[in-house]
Amino acid sequence: MIEKINRLKEEVECATAATPEAVEELRIKYLSKKGALNALMADFRNVPAESKREVGQKLNELKTFVTEKINGLKEQLSAGSDLEAASIDLTRTATPFPTGSRHPLSIVKNDIIDIFSRMGFTIAEGPEIEDDWHVFSSLNFPPDHPARDMQDTFFVTRTPVDVLLRTHTSSVQTRVMEKTQPPIRIVCPGRVYRNEAISARAHCFFHQVEGLYIDRNVSFADLKQVLLTFAKEMFGPETKIRLRPSFFPFTEPSAEMDISCDICGGKGCAFCKGTGWVEILGCGMVDPNVLRSCGIDPEVYTGYAFGMGIERITNLKYKVKDLRMFSENDVRFLEEFESAR
Ligand code: PHE
């Protein structure tokens with residue numbers, strides 16, 4: 001027995017390990033339940049009574065020895081990795097990592113949404129592929145209205161019902177009005193499509209944010225105040241607004257809103273064609289026919305709506321001259337907006 005103990009001690013003494021896994025293997029080999037040490041302990045029963053004391057002591061010494069040896073090996077290894085870590089220079093500048101930048105239209109869209117959400121509007125979104133009802137019929141467009149024409153609208157199918165690419169996000173307003181009773185206070189951002197030849201000033205798709213507020217006693221004065229607040233927040237506190245009478249099938253009365261030209265400060269320049277004003281949006285009081293067709297009682301509720309093109313606002317804010325830049329993905333153009341947000 002004593003001999004076995006000595007042999008095991010020698011064996012452990014010579015053991016080496018290069019990895020934490022190898023140390024673990026040694027631990028299992030010698031110290032686990034089925035390990036060599038426990039096997040010796042089991043043999044202890046057969047030791048004659050007079051040697052028990054001596055052998056017991058030796059066994060205990062061996063256990064301590066093996067435990068210390070394995071712990072020692074573990075420590076050596078972790079000291080090694082500390083050394084390796086110490087050779088890494090943490091003060092070196094990191095390799096620059098290009099992160100890209102937000103698209104100018106997204107920056108401006110987020111700005112617009114931000115301003116209106118501070119005035120209590122929430123975001124509503126809807127499908128880009130729509131039916132005639134949500135884009136036109138529910139919004140009081142007469143059957144022969146030119147906007148329904150092939151020249152303006154991209155149709156997906158015409159039978160059995162007209163399925164088309166939405167020409168404005170007013171369709172989302174219809175969807176919300178059909179499902180909810182007032183008060184409704186939403187902005188609808190999204191992409192819209194119109195069949196136009198692509199040039200610096202027109203594109204076959206662009207982006208809008210439209211707004212809708214319906215409640216008891218909503219008036220044109222409320223609309224005007226909300227739009228004035230928006231214009232000042234978006235273009236600066238000096239900005240003035242002007243409303244001109246206009247026509248939309250879904251609002252009555254309707255208006256178009258201009259802001260004072262922020263290039264010449266209203267004096268008149270090439271950008272505002274000498275007028276001192278630039279048009280930015282359409283608006284009006286929701287036509288009672290629209291409320292009725294969406295299941296809202298126009299005798300109880302009134303509301304206003306407005307809609308603007310994000311490209312238009314972006315052009316004014318960042319002086320982008322060619323609409324095509326927004327969809328060409330030229331990184332030299334996109335990188336110009338890195339610092340904008
Ligand atoms: N839907 C209109 C457009 O696409 C904009 C608008 C919205 C006008 C709401 C008035 C009221 O041009």
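## Strands around the ligand

Three strands each supply at least two residues of the shell around the ligand: E6 (205–215), E9 (277–286) and E10 (302–309). E10 gives the most, with three residues. Strands here are DSSP runs of E with at least two residues, helices are runs of H or I with at least four, and both are numbered from the N terminus.

This is a predicted model, in which local features need pLDDT of at least 70, side-chain atom pairs count only at pLDDT 80 or more, and totals for chains, interfaces and linings use all residues. Residues are numbered from 1 along each chain as its sequence is written, and side-chain values use heavy atoms, with hydrogens and water left out.

## Ligand contacts

The ligand is surrounded by 13 residues. The closest are His168, Ser170, Arg194, Gln208 and Glu210. By class, the shell has five nonpolar, six polar and two charged residues. In this scheme Ala, Val, Leu, Ile, Met, Phe, Trp, Tyr, Cys and Pro are nonpolar, Asp, Glu, Lys and Arg are charged, and the others, Gly among them, are polar.

The side chain of Ser170 has an N or O atom 3.2 Å from a ligand nitrogen. For Arg194, a side-chain N or O atom lies 2.9 Å from a ligand oxygen. Gln208 likewise places a side-chain N or O atom 2.9 Å from an oxygen of the ligand. On its own, the ligand has 320 Å² of accessible area, and the protein covers 89% of it. Accessible areas come from the Shrake-Rupley method with a 1.4 Å probe; for residues, only the protein chains shown count as cover.

## His168

His168 sits in the loop between strand E4 (163–165) and helix H7 (170–179). Is this residue buried or exposed? His168 is buried, because its relative accessible area is 5%. Buried means under 20%, exposed over 50%, and partly exposed in between (1.4 Å probe, protein chains only). The His168 side chain also reaches the backbone oxygen of Val135, at 3.0 Å.

The largest nonpolar core has 42 residues. Such a core is a set of buried Ala, Val, Leu, Ile, Met, Phe, Trp, Tyr and Cys residues joined through side-chain atoms within 4.5 Å. Those with the most contacts inside it are Ile112, Phe116, Ile259, Ile280, Tyr304, Phe306 and Met308. Elements that each supply at least two core residues include helix H5 (104–118), strand E8 (251–260), E9 and E10. Helix H8 gives the most to this core, with seven residues.

In helix H10 (310–318), the buried residues include Ile310, Glu311 and Ile313. Just after H10, Lys319 takes a positive phi of about 55°.

The domain assignment, automatic or from a database, gives domain 1 (2–86) and domain 2 (104–340). Their C-alpha centres lie 80 Å apart.

Pro183 is in the loop between H7 and strand E5 (184–193). Pro183 is exposed, because its relative accessible area is 60%. Pro183 and Arg27 are 156 residues apart in sequence and 72 Å apart in space, C-alpha to C-alpha.

Pro20 is in helix H2 (residues 20–31). Pro20 counts as exposed at 56% relative accessibility. Pro20 and Lys74 are 54 residues apart along the chain, with 6.8 Å between their C-alpha atoms.

Conventions:
Near = heavy atom within 4 Å. Polar contact = N/O pair within 3.5 Å; in protein donor to acceptor, adjacent residues only side chain to side chain.
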